[in-house]
Amino acid sequence: MASVTSLASTVDQRIADALSAALPEAGSASPLLRRSDRADFQANGILALAKQLKGNPRELATRVVSALTATDAEADGPSDGPAHADQTVPDLIKDIEVSGPGFLNITVTDRAIIETLAARAADSRLGVPYAEQPGTTVIDYAQPNVAKEMHVGHLRSAVIGAAMVEILEFTGEKVIRRHHIGDWGTQFGMLIQYLIEHPHELDHKSGSGDSNSSGGSGTDTSVDGETAMSNLSRLYKASRALFDSDEEFKARSRDRVVALQAGDEETRAFWQRFVDESKIYFYSVFDKLDMEIHDADVVGESGYNHMLEETCRILEETGVAVRSEGALCVFFEDVKGPDGNQVPLIVKKSNGGYGYAATDLSAIRDRVQSLDATTLLYVVDARQSLHFKMVFETARRAGWLNEKVHAVQLAFGTVLGKDGKPFKTREGETVRLEDLLDEAVERATAVVQEKAEKSGLSDQEITENGWYVGIGAVKYADLSTSAVRDYKFDLDQMVSLNGDTSVYLQYAYARIKSILRKAGDTEPAARPELALAPAERALGLHVDEFGEVLAEVASSYEPHKLAAYLYQLASHFTTFYDQCPVLKAETPAQVENRLFLCDLTARTLQQGLALLGIRSPERL
């Protein structure tokens with residue numbers, strides 16, 4: 001496996017070398033290279049450099065062009081004439097011209113494009129390099145609550161987090177998944193007490209299931225998730241009704257909370273039943289979402305209980321936290337309430353109970369000290385930004401976060417309905433995540449069915465593809481939006497064959513696979529000697545950007561940029577397909593070269609979609 005230097009990087013280095021040769025006084029100035037609609041690339045760095053050197057930018061640009069072409073000309077002997085702005089570097093640059101106040105417009109050769117793509121095609125990773133200094137990232141995502149149904153609000157953390165896991169791992173980062181489920185709290189006193197008094201409420205027939213959950217959990221899945229959630233919902237409603245109406249039961253429930261926190265064996269055993277039952281449900285939903293969740297990665301709030309007291313002691317002894325009205329608090333100069341007083345982060349309450357902050361800070365200690373994390377990535381709702389800002393600052397003051405270990409919140413916005421308001425059912429209730437996914441698959445299956453006659457899909461393929469397209473549509477709608485922004489959940493748009501949708505990308509991939517099948521014995525082959533049509537050049541240059549896009553996405557935690565790249569790739573392919581006959585090209589060599597472009601585009605689409613957690617059916 002060998003990484004491939006992109007054309008942009010190669011051109012950038014050539015221009016930088018020419019800058020140093022022509023203008024040594026400039027030091028290591030950057031060419032500021034970018035893609036351009038006037039040529040393949042444009043270098044803008046000379047404008048800023050001219051201000052620094054107090055020179056004429058067009059004259060400086062002409063000197064850079066002369067230095068660039070002189071390097072290549074040395075092999076052929078000295079030139080008697082002056083350097084011109086339209087000289088070339090035959091192996092790489094077809095044309096370079098000074099434009100406007102001092103821009104350099106650069107067009108690369110057709111040969112350079114195809115040879116670079118051929119190197120990518122020869123590598124199973126498409127020439128994408130590994131990160132130069134990979135670390136260990138602990139990513140906290142997909143955090144449902146025990147004994148509660150998953151709703152539309154749980155979608156974004158799961159989808160965005162799973163995509164970042166795949167992207168970071170692909171770049172060589174060691175990734176440790178953590179699902180910080182809500183499995184602790186006072187509500188469990190009520191639930192456990194009710195179950196003790198009604199011991200058969202969670203009973204169900206146990207089949208001979210294989211005990212594997214999503215991704216291989218050890219939780220029994222002989223019971224389906226719907227049944228598990230039905231049991232939990234029924235029990236929760238019954239216990240809540242009794243809690244609200246029976247003072248004696250309420251008192252017993254509160255005593256049960258104390259027993260749970262004290263580690264009473266019987267109470268903990270009943271609590272574990274709730275956790276196990278909930279996991280059956282969680283894993284069934286994640287399976288439907290086509291996500292792998294491993295039981296070992298599920299470390300809920302309860303997993304840090306043994307650390308809470310020590311965390312509080314360390315914070316108090318080091319002076320990071322102080323006592324205020326009986327509570328252990330951390331204060332911040334820039335966090336104040338409407339009255340102008342500082343709003344603290346409460347680590348331990350005045351009644352001795354622990355706040356969420358104690359658990360989150362204990363988790364940071366564990367992830368840094370036990371898991372050797374260099375980055376902590378939290379995929380959590382933007383509405384929790386202030387809480388995590390305070391938690392991270394507290395951890396920094398305590399020394400758990402420092403120049404070697406940093407924490408980042410990948411904040412996400414809200415899922416809205418078509419009306420632009422928070423997504424609710426007609427009755428005003430929160431939308432169940434399972435219902436939403438089922439409807440997406442149903443809509444997508446109808447789209448696939450409509451196209452099935454032309455593609456000749458079997459009933460099984462229609463069912464499978466309906467799932468791939470439906471789940472892909474939900475994920476892509478989320479991932480194609482900048483995470484911090486709210487987005488409207490519109491299934492009609494999501495499963496559309498037109499526009500920026502996963503269905504459009506999947507159909508582009510399936511179209512390419514169809515072309516390759518129809519090619520029969522004719523194999524894709526790179527032909528660097530051929531001239532390329534404009535649409536071929538545009539497609540090839542875009543394919544070449546894949547590695548650089550992934551590097552940016554991995555460093556900035558912005559998967560929407562990968563989605564945007566893939567949509568542009570599919571759009572470039574559509575233009576190529578419309579303008580450049582593939583199987584009916586003018587010569588056999590041109591057929592092979594266009595098949596080569598098709599094949600590499602398909603591989604890039606498939607890899608990119610896989611990193612977003614979206615499947616690519618070969619026939620649609």
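Me: Is Cys312 buried or exposed?

Reply: This is a predicted model, where local features need pLDDT of at least 70, side-chain atom pairs count only at pLDDT 80 or more, and totals for chains, interfaces and linings use all residues. Residues are numbered from 1 along each chain as its sequence is written, and side-chain values use heavy atoms, with hydrogens and water left out. Buried means under 20% relative accessible area, exposed over 50%, and partly exposed in between, with a 1.4 Å probe and protein chains only. Cys312 has a relative accessible area of 3%, so Cys312 is buried.

Me: How many disulfides does a search of the whole structure find?

Reply: Cys580 is in no disulfide, as the nearest cysteine sulfur, in Cys598, is 9.5 Å away. Cys580 is also buried, with a relative accessible area of 2%. Across the whole structure, the number of disulfides found is zero.

Me: How many helices and strands does the chain have?

Reply: Helices (H or I, at least four residues) and strands (E, at least two) are DSSP runs, numbered from the N terminus. The chain comes to 20 helices and 13 strands.

Me: What percentage of the residues in the chain is buried?

Reply: The C-alpha atoms fill a box of roughly 100 × 65 × 45 Å along the principal axes. The chain has 620 residues, and the buried share is 51%.

Me: What span does helix H11 reach from its first C-alpha to its last?

Reply: Helix H11 covers residues 356-369, which is 14 residues. The expected span is 1.5 Å times one less than the number of residues. That gives an expected 20 Å, and H11 comes close to it, reaching 20 Å.

Me: How many of the residues of H11 are buried?

Reply: The buried residues include Ala357, Asp360, Arg365 and Val368. They pack against several elements, among them strand E5 (136-140), helix H10 (308-317) and helix H12 (385-398). H11 is largely enclosed by the rest of the structure because its buried residues number twelve of the 14.

Me: Which residues does Gln193 contact beyond its neighbours in sequence?

Reply: Gln193 is in helix H6 (residues 187-197). At 5% relative accessibility, Gln193 counts as buried. Contact means heavy atoms within 4.5 Å. Leaving aside neighbours within four places in sequence, the contacts of Gln193 are Phe249, Arg252, Ser253 and Arg256.

Me: At what angle do helix H17 and helix H20 pack?

Reply: Helix H17 spans residues 534-543 and helix H20 spans residues 588-611. Among the residues that meet are Leu539 and Val543 in H17, with Leu597 and Leu600 in H20. Axes are lines fitted to C-alpha atoms, for helices over the stretch in contact, and angles run from 0 to 180 degrees between N-to-C directions. The axes are 11 Å apart, and the angle is about 35°.

Conventions
A disulfide is a pair of cysteine sulfur atoms within 2.5 Å.
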